[in-house]
Amino acid sequence: IEMDETLKTQYLAEAKFLRALDYFYGVRLWGDLPLVTIEVTALSQVDIARSPVADVYDLIISDLEYASEHLAPVNQNGRARKGAAKALLAKVYLTRASSVAAQAGDYQKCADLCSEVLAMPQHVLLADYEKAIGSEDEFNQESLFEWQGDRALISSGEHSIFGSFSLPRGMLVIPGQTASDGGGIAAEVQF
């Protein structure tokens with residue numbers, strides 16, 4: 001579409017970050033996965049064979065390299081940023097190093113990326129540990145990536161508990177409340 005190229009690049013980098021995060025969860029849970037890298041416009045396109053773990057990691061790494069190059073370094077309250085992409089990429093290399101797709105240099109790449117994130121002035125460890133987590137301290141300098149939802153949830157017992165078990169670690173769900181009420185869905189993602 002025709003739009004501001006800077007904004008388009010940012011949105012593409014954010015989308016690639018989220019796709020990489022999703023595939024990273026998937027490859028650790030299930031191994032080989034179907035890779036969807038183009039828009040699906042027909043039912044015939046959904047029958048995709050699983051790709052090997054190595055190919056999944058290649059896509060994840062490619063997406064995160066793009067994201068870490070094009071995302072903003074500053075906190076944009078709920079949007080992916082450069083430090084989050086580099087930190088996730090470090091974890092991807094560390095995880096891949098102990099998988100069937102391991103490559104020489106994975107540990108060193110992880111260490112180098114961790115050093116880069118630690119050197120970023122946008123990311124610091126807070127002096128007071130209690131200020132690192134909690135809704136009143138959201139989007140602080142210690143957080144690498146957070147998102148916030150704002151939708152009312154149905155009360156417990158009226159939905160499957162499967163979602164509670166499949167949510168990322170650190171996800172807090174308060175049934176019946178929205179984020180504006182101080183509840184709803186809030187997350188501080190810990191890669």
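These are my notebook entries on what I looked up in this structure, which is a predicted model.

**Entry 1: the overall layout**

I started with the elements. I found five helices and five strands in the protein. Reading from the N terminus, I wrote the order down as α-β-β-α-α-α-β-α-β-β.

Next I looked up burial. Of the 191 residues in the protein, 36% are buried. The accessible surface comes to about 11500 Å². Carbon and sulfur atoms own 56% of that surface.

I also looked up how far along the chain the contacts reach. I took contacts between residues at least 6 apart in sequence, and 56% of them join residues at least 24 apart.

**Entry 2: the core**

Which residues have the most contacts inside the largest nonpolar core? I got Phe17, Val27, Tyr57, Ile60, Leu64 and Val92, in a core of 30 residues. The elements giving two or more residues to this core are helix 1 (5-30), helix 2 (53-70), helix 3 (82-97) and helix 4 (106-119). Helix 2 gives the largest share, with eight residues.

Setting aside residues up to four places away in sequence, I have Val27 touching Leu33, Val53, Val56, Tyr57 and Ile60.

**Entry 3: helix 1**

Is Glu14 buried or exposed? Its relative accessible area is 11%, and buried means under 20%, so Glu14 is buried. Leaving out residues up to four places away in sequence, Glu14 touches Leu71, Gln76 and Arg79.

**Entry 4: helix 3**

I ran the length check on helix 3 as well. Helix 3 has 16 residues and reaches 23 Å from its first C-alpha to its last. That is close to the 22 Å expected at 1.5 Å a residue.

How many residues of helix 3 are buried? I noted 14 of its 16, so I'm calling this helix mostly covered.

**Entry 5: a loop residue, Ile48**

Where does Ile48 sit? I found Ile48 in the loop between strand 1 (33-34) and strand 2 (50-51). Its relative accessibility is 31%, so Ile48 counts as partly exposed. For that label, the value has to lie between 20% and 50%.

Then I looked up its neighbours. Ile48 and Pro34 are 14 residues apart along the chain, and their C-alpha atoms are separated by 5.7 Å. Apart from neighbours within four places in sequence, Ile48 is in contact with Pro34, Leu35 and Val36.

**Entry 6: rings and charges**

I finished with the rings. How many aromatic pairs are there? The count is zero by the rule I used.

Charges over rings did turn up. The charged end of Lys16 sits over the ring of Tyr66, 4.6 Å from the ring centre. Likewise, the charged end of Arg28 sits over the ring of Phe24, and there the distance to the centre is 4.0 Å.

Key:
Residues numbered from 1 in each chain as written. Predicted model: local features only at pLDDT ≥ 70, side-chain atom pairs only at ≥ 80, totals over all residues. Heavy atoms only, no water. Phe/Tyr/Trp six-rings, centres within 6.5 Å; stacked < 30°, edge-to-face > 60°. Lys NZ or Arg CZ within 6 Å of the ring centre and 35° of its normal. Helix = DSSP H or I, 4+ residues; strand = E, 2+ residues; numbered from the N terminus. Buried < 20%, exposed > 50% of the residue type's maximum accessible area, 1.4 Å probe, protein only. Contact = heavy atoms within 4.5 Å. Areas by Shrake-Rupley, 256 points an atom, 1.4 Å probe, with all protein chains shown as cover. Core = buried A, V, L, I, M, F, W, Y, C linked by side-chain atoms within 4.5 Å. Expected span 1.5 Å × (residues − 1).
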